[in-house]
Amino acid sequence: MSRYWSELVKNLTPYVPGEQPGTRPVIKLNTNENPYPPSPAVQRAVAGVSIETLRLYPDPQSTQLKDAIASRSGLSPDQIFVGNGSDEVLAFAFMALLKHSAPLYFPDITYSFYPVWADLCSIRYSEVPVKADLGIDVAAIPGENGGVILPNPNAPTGMLLPLEAIAGLLQRCRDSVVVVDEAYIDFGGESALALIEDYDNLLVVQTLSKSRSLAGLRVGVAMGNELLIEALDRVKNSFNSYPLDTLAQRAALAAIEDEDYFSAICARIVASRQQLSARLETLGFEVLPSSANFVFARHTQRDGAELFQRLREEGVLVRHFAHERIQQFLRISVGTDAECDALIDALERILGSG
Ligand SMILES: *Cc1c(COP(=O)(O)O)cnc(C)c1O
């Protein structure tokens, strides 16, 4: 704390991302990165960028990228917003669309960045408890609100809400914006994109970080009614005109266009997820039904924090949250087959040794 800090900064409780290991070799299953490389088309696109072009500012509108996303999703380019990771896109949505006199609603077990952005933007919020099975209690969200945000599938549970539940929520919240954070939708869920036509209060946010293996590139997308997109553009153009650099725009375009590679690695992760869940169950874990690229599991006999620590000592990083409702759970990203084998081996050693 310094006397030079603003009141705003003094009162912040920043989000803490999952650990990024240094040079120590570890099995890294703690931040839901994709275990497979990006499409080879991304490599070619980046290699094809002449260094000379980096002298110039990038296209502030990311026109080509937005056009490609629009045609893939059956929307028009003015229904698309792109930003520096979906974290930035979401932060803009908080400022542009979710700050009103009535409180913002989100689940109590969810992406832990939401309360951080709410505090940053001085938005009053109310957390809606998830049900006993940890599913989101959509019916408990009041229709009158200053906005709603939820991930689908939810993080860190991986549990999916059916599209009818999202449609029902939109129907009840005609006077506020509902943001559906679809960071993990490509691993088995049905996107709410199809509802944009019917609901001008729906903002769908997606990312290239998980299903397109581009967490390091930082590209996120929002899709919705053109007036919602205009609101995001107004914030963006009051903050940073060039959130996507030249390399990010080219690489993201190549990734979006390679539909075959994308479907292949998503299918592979879904198959590995089923195998991993079954193997964890054999070891005495209860595994929540996941539609994401991670599983959320608790051991029926052993303490979650202890297992997290023991795995860490074995060189396997997973994620553990101190929140009381989920402190017995581990969130484990789906890795390659070799990484999943290493996790299971480490767990067998830990559980066998008491
Ligand atoms: C990973 C994640 C994000 C952020 O993704 P970036 O595009 O890498 O910023 C947003 N929401 C949820 C729920 C996530 O898990």
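## Salt bridges

Glu7 and Lys10 form a salt bridge, with their closest N and O atoms 3.1 Å apart. The model is predicted. Both residues sit in helix α1, and because they are three residues apart, about one helical turn separates them. Glu7 is exposed, at 54% relative accessible area. Lys10 is partly exposed, at 32%.

The structure holds eleven salt bridges. One of them joins Glu33 to Lys28, where the closest N and O atoms lie 2.7 Å apart. Glu33 is partly exposed, with a relative accessible area of 30%. Arg55 pairs with Glu52 at 3.1 Å between the closest N and O atoms. Here Arg55 is exposed at 60%, whereas Glu52 is partly exposed at 47%. Salt bridges also link Arg302, Glu306 and Arg310 in a network.

## Surface patch

A nonpolar patch lies on the surface. Its members are Met1, Tyr4, Trp5, Leu8, Val9, Leu12 and Leu120. Together they have about 740 Å² of accessible area. Leu12 belongs to the loop between α1 (7-10) and β1. Leu12 is partly exposed, at 32% relative accessibility.

## Nonpolar cores

Nonpolar side chains tend to be buried together in soluble globular proteins. The largest nonpolar core in this model has 46 residues. Leu65, Leu195 and Leu202 have the most contacts inside it. Helix α8 (residues 246-257) supplies the largest share of this core, seven residues. Apart from this core lies another, of 34 residues, including Val295, Ala297, Val318 and Val334.

Leu202 shows what such packing involves. Setting aside residues up to four places away in sequence, Leu202 touches Leu170, Val178, Val180, Ala192, Leu195, Ile196, Met223, Gly224, Asn225 and Leu228.

## A buried asparagine

Asn30 lies in the loop between β1 (27-28) and α2 (40-47). Asn30 is buried, with a relative accessible area of 2%. Beyond its neighbours within four places in sequence, Asn30 contacts Gly18, Glu19, Leu317, Val318, Arg319, Arg331 and Ser333. Val318 is also among the residues of the 34-residue core.

## Cysteines

The disulfide count is zero. For Cys121, the closest cysteine sulfur is in Cys173, 20 Å away, so the two are too far apart for a bond. Cys121 counts as buried, at 10% relative accessibility.

Cys340 is in no disulfide either. Its nearest cysteine sulfur, that of Cys266, is 16 Å away. Cys340 also counts as buried, at 5% relative accessibility.

Key:
Residues numbered from 1 in each chain as written. Predicted model: local features only at pLDDT ≥ 70, side-chain atom pairs only at ≥ 80, totals over all residues. Heavy atoms only, no water. Core = buried A, V, L, I, M, F, W, Y, C linked by side-chain atoms within 4.5 Å. Buried < 20%, exposed > 50% of the residue type's maximum accessible area, 1.4 Å probe, protein only. Helix = DSSP H or I, 4+ residues; strand = E, 2+ residues; numbered from the N terminus. Contact = heavy atoms within 4.5 Å. Disulfide = S-S within 2.5 Å. Patch = residues over 30% accessible without salt bridge, like charges linked within 9 Å, V, L, I, M, F, W, Y side chains within 5 Å. Areas by Shrake-Rupley, 256 points an atom, 1.4 Å probe, with all protein chains shown as cover. Salt bridge = Lys/Arg side-chain N within 4 Å of Asp/Glu carboxyl O.
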